[in-house]
Amino acid sequence: MKSATDKREQEKRIVGQMIHLFCRKRHHQAHLCPDCQAVLAYAADRCDHCPFMESKTFCSNCKVHCYRPEMREKIRAIMRFSGPRMLLYHPVLAVSHMLLTWKERMNKT
């Protein structure tokens, strides 16, 4: 069982990879553009202050949406774009995330 701190760091690492992939492919930037930097900083802050980290695997599985509506839409667009591509660019991270998500869903049923 991972500690909340480990889960927070893993969540931030995965979200960061997805945002970097999104920005590189959609905004054609080698480094994060200012908009994607803002999304990354906001997502990291939300993760750092999540009161539910002990009881969930990832923010994408959370039923409490603590993101502001405009940021939630940006994160969703990034996840829709980057999620499938993570298998090509970061396969170990993507498979690990999918397995943990599946495991969490199976434990809830």
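Start by selecting Lys 12: at 22% relative accessibility this residue is partly exposed, a label for anything between buried (under 20% relative accessible area) and exposed (over 50%), worked out with a 1.4 Å probe on protein chains only. Bear in mind that you're looking at a predicted model, where local features need pLDDT of at least 70, side-chain atom pairs count only at pLDDT 80 or more, and totals for chains, interfaces and linings use all residues. Numbering runs from 1 along each chain as its sequence is written, and side-chain values use heavy atoms, with hydrogens and water left out.

**Stop 1: around Lys 12**

The term covers a side-chain nitrogen of Lys or Arg within 4 Å of a carboxyl oxygen of Asp or Glu. Color the helices and you'll see that this pair ties together distant parts of the chain: Lys 12 sits in helix α1 (residues 4-26) and Asp 48 in helix α2 (residues 34-48), 36 residues apart. Helices here are DSSP runs of H or I with at least four residues, strands are runs of E with at least two, and both are numbered from the N terminus. Asp 48 is partly exposed too, with a relative accessible area of 37%.

Which residues does a network of salt bridges link here? Glu 9, Lys 12 and Asp 48 are the members.

**Stop 2: the other salt bridges**

Next, pick Asp 35 and Lys 74. Their side chains meet in a salt bridge at 2.9 Å, N to O.

Asp 45 counts as partly exposed at 30% relative accessibility. How many salt bridges does the count give? Six.

**Stop 3**

Move to His 28, in the loop between α1 and α2. Check its backbone: phi is near 55°, a positive value in a residue other than glycine. Is His 28 buried or exposed? With a relative accessible area of 66%, His 28 is exposed.

**Stop 4**

For Cys 23, the nearest cysteine sulfur is that of Cys 33, 3.6 Å away, and Cys 23 is in no disulfide. A disulfide needs a pair of cysteine sulfur atoms within 2.5 Å, and the count comes to zero. Cys 23 is buried, with a relative accessible area of 0%. Cys 33 is buried as well, at 12%.

**Stop 3: a buried serine**

Go to Ser 82 in helix α3. At 0% relative accessibility, Ser 82 counts as buried.

**Stop 4: a nonpolar patch**

Areas come from the Shrake-Rupley method with a 1.4 Å probe, and for residues only the protein chains shown count as cover. Helix α4 (residues 91-108) gives the most to this patch, with three residues. One to click on is Val 95, which lies in helix α4 and is partly exposed at 36% relative accessible area.

**Last stop: zoom out**

Show the whole chain as a cartoon. You'll find four helices and zero strands, following the pattern α-α-α-α along the sequence. Of the 109 residues, 36% count as buried. Among contacts between residues at least 6 apart in sequence, 72% join residues at least 24 apart. The accessible surface of the chain comes to about 7,000 Å², and 59% of that belongs to carbon and sulfur atoms.

Terms used:
Contact means heavy atoms within 4.5 Å.
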